[in-house]
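Here's a quick tour for anyone opening this one up for the first time. Have a look, then read on.

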Amino acid sequence: MSRTAVLSLLCVFCLTVSSVGARGLSIRPELSIEARGFADEPQFFDQLGTAQLGVVLTGQASWRSRDRKTRFDFEPYIRLDNRDSRRTYADIRELSFSKDFGTWDILFGVSQVFWGVAESRNVVDVINQIDAVEDLDEGEKLGQPMLRAARSLGPGNIELIYLPYFRERGFAGRDGRLRFSPAVDAKNISYERDGEAWAGDWALRYTQRRGALDLGLHAFSGTNRNPFLALSESGERFLQTYQSLDQVGVDLQLTRGAWLLKGEWVAAESGGSSYRSWVAGFEYTLFGLGGTAADLGLIAEHLRDTRDLTKTPITVFDDDTFAGLRLTLNDSQDTELLAGLIRDHRTSAIQYSAEFQRRIGARNLLELEARVFSGGDDPFITAFEADDFLTARWTVFF
Amino acid sequence: MKQLTVVTRTVLAAAVIFLASATPALTEEAKERGFAIAKRSDLSDAGFGSSSVELTMTLSDPSGRTTTREMRIDTLEKSGEGNGDRSLTVFFTPRDVEGTALLSHAKILESDDQWLYLPALRRTKRISSANKSGPFVGSEFAFEDLTANELGKYEYTYLETRVVDGTEMDVVECVPRYERSGYSKLLCYFDTEHFQSRRIEFFDRGGQPLKTLVLEDYRQYNEFWRPHKQTMTNHLTGKVTIIESAEYEFGVDFDREDFEPAVLDRL
């Protein structure tokens with residue numbers, strides 16, 4: 001992104017610092033300051049030391065017509081990093097115009113789509129590229145250009161999405177932490193489909209609720225969001241190849257009392273091999289823990305993936321179990337804690353994680369995030385072995 | 001003499017029977033009257049169709065700390081027996097939860113169906129609604145206080161009619177019939193002029209006074225009444241939550257599909 005583009009985005013923040021209510025135009029900037037500390041000195045040459053600072057400028061500008069049927073949304077995202085050059089970047093998370101025509105709802109522009117029900121990983125969620133520079137948990141996504149037509153059918157809903165342009169995954173740079181060894185080359189990228197990013201993808205999704213059951217079905221045909229990584233001839237870099245991907249999948253959740261039973265399953269073909277991925281598990285909530293207002297959720301999920309790693313993009317979730325706890329205090333400051341671990345049954349690698357958040361006053365949010373990698377012999381986890389970290393983020397909402 | 005004895009016996013027997021049956025008969029009558037009062041109140045609201053209102057919720061604790069939440073609630077009236085209303089709550093503030101939405105399909109005796117929309121992830125989540133007694137967004141209102149206005153949810157017993165703050169009110173004991181309620185009973189006060197709910201006293205499962213809700217500033221929209229200030233006081237913690245409403249909008253152009261989980265990412 002050019003300097004002028006960044007400056008113009010900054011201007012959006014500076015111009016208006018006010019909310020104009022629920023309807024009409026509303027502009028809501030956010031500023032985050034982030035400090036990340038690593039427990040150990042780096043493993044690889046060139047990597048930054050034990051401290052990293054970041055600033056994030058983001059926010060939403062939105063407009064709704066009086067009848068709420070015409071919508072405009074804009075969400076720019078700018079991150080500045082003091083050490084990792086690939087972590088200083090700008091993205092448009094959302095820039096969309098949409099209209100409800102009664103039976104059909106049409107969205108045009110850059111947007112984000114979430115599919116799935118699971119906690120640890122959403123194997124059916126294929127529309128947006130994940131922002132791997134931002135976070136490892138696949139929760140942050142890059143904005144995706146799309147044309148989306150949705151139609152309500154009573155308790156059902158059908159969506160047809162055309163995605164004209166492909167977004168590459170970002171990776172930490174040579175000087176960054178949480179990278180593979182060698183680092184991923186961000187420049188020499190090849191595409192299997194038409195050799196370019198403009199090959200275009202299609203997706204079809206149907207969802208329906210029936211009593212205690214929420215069901216989703218989908219089909220996708222296009223470019224795999226996850227690149228196949230191959231060592232360059234010199235062995236100094238990983239080169240990315242984006243293969244074609246055709247997949248169909250199901251996601252469902254059964255909600256009964258305090259139990260949520262969840263499952264996601266896909267059958268996919270990519271890089272000339274067919275495979276299945278799925279995640280299945282439950283969340284059980286203990287409401288009103290010990291007579292207080294707090295709720296404690298107990299989460300367990302199993303992840304499985306049958307792909308041939310010599311042909312298709314890597315996954316570390318080939319045969320893993322996730323176990324987690326979610327503590328929600330239900331207080332006026334919306335305090336929440338999510339802690340868990342994922343264990344790989346083949347390599348015995350374990351990744352621990354904890355996320356905490358609490359609003360401070362009316363306009364500030366404190367977030368803490370920690371991850372610990374215990375390698376086993378998984379080469380992709382051992383690359384992060386010296387990267388156990390704690391991030392503290394303070395966000396101000398203007 | 002013998003004749004008299006028979007008469008006396010008959011009278012005595014009748015008196016005994018009367019006394020024995022008096023309490024159940026009165027109870028039955030009190031239940032019928034209680035139900036009639038609640039039904040009259042419920043009917044006064046039948047046919048409202050749809051409404052939309054913006055609310056400000058102020059949470060305060062005894063130390064004087066306050067938190068404000070602003071939201072909009074869209075409501076679509078139930079379409080048939082066995083179903084409750086559908087409602088969609090969208091939060092505007094606090095800013096970190098701006099855009100969060102809660103869709104609820106109310107049921108009479110079963111748990112409601114609820115979906116939560118998290119705007120940062122564009123994620124719609126079906127959530128458990130088993131925590132009826134849990135607090136709504138950290139306030140003194142429990143989920144059941146906001147959704148349990150369906151007639152079939154309680155068993156009613158008329159207690160008395162008295163004047164409270166210059167208004168004549170029927171006092172009815174309401175015992176929850178649905179599972180997982182946090183209350184043993186409620187004392188519900190309906191005014192005798194417009195039949196609106198004016199005050200509710202909540203008793204915890206142990207039968208002790210827990211909270212009091214006062215509904216004030218009733219305004220009339222065509223034939224429908226809506227309170228514009230609701231104050232919930234928790235007697236155990238001293239915390240208070242006040243909901244203040246802006247003007248209600250009735251006859252909004254909603255259809256049932258506007259209250260489906262699939263539309264939550266198109267708000």
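The largest nonpolar core has 22 residues, and the members that touch the most others are Val123(A), Val124(A), Ile127(A), Ile161(A) and Val279(A). A nonpolar core here is a set of buried Ala, Val, Leu, Ile, Met, Phe, Trp, Tyr and Cys residues joined through C-beta atoms within 7 Å. Buried means 20 or more other C-beta atoms within 10 Å of a residue's own, exposed means 12 or fewer, and partly exposed is in between, with C-beta atoms placed from the backbone.

This is a predicted model, where local features need pLDDT of at least 70, side-chain atom pairs count only at pLDDT 80 or more, and totals for chains, interfaces and linings use all residues. Residues are numbered from 1 along each chain as its sequence is written, while chains are lettered from A and ligands numbered from 1 in the order in which they are written.

E15(A) gives the most, with 3 residues. There's also a second, separate core of 18 residues, including Met57(B) and Trp115(B).

Over in strand E11 of chain B sits Gln220(B), which counts as exposed because it has 10 C-beta neighbours inside 10 Å.

Terms used:
Helix = DSSP H or I, 4+ residues; strand = E, 2+ residues; numbered from the N terminus.
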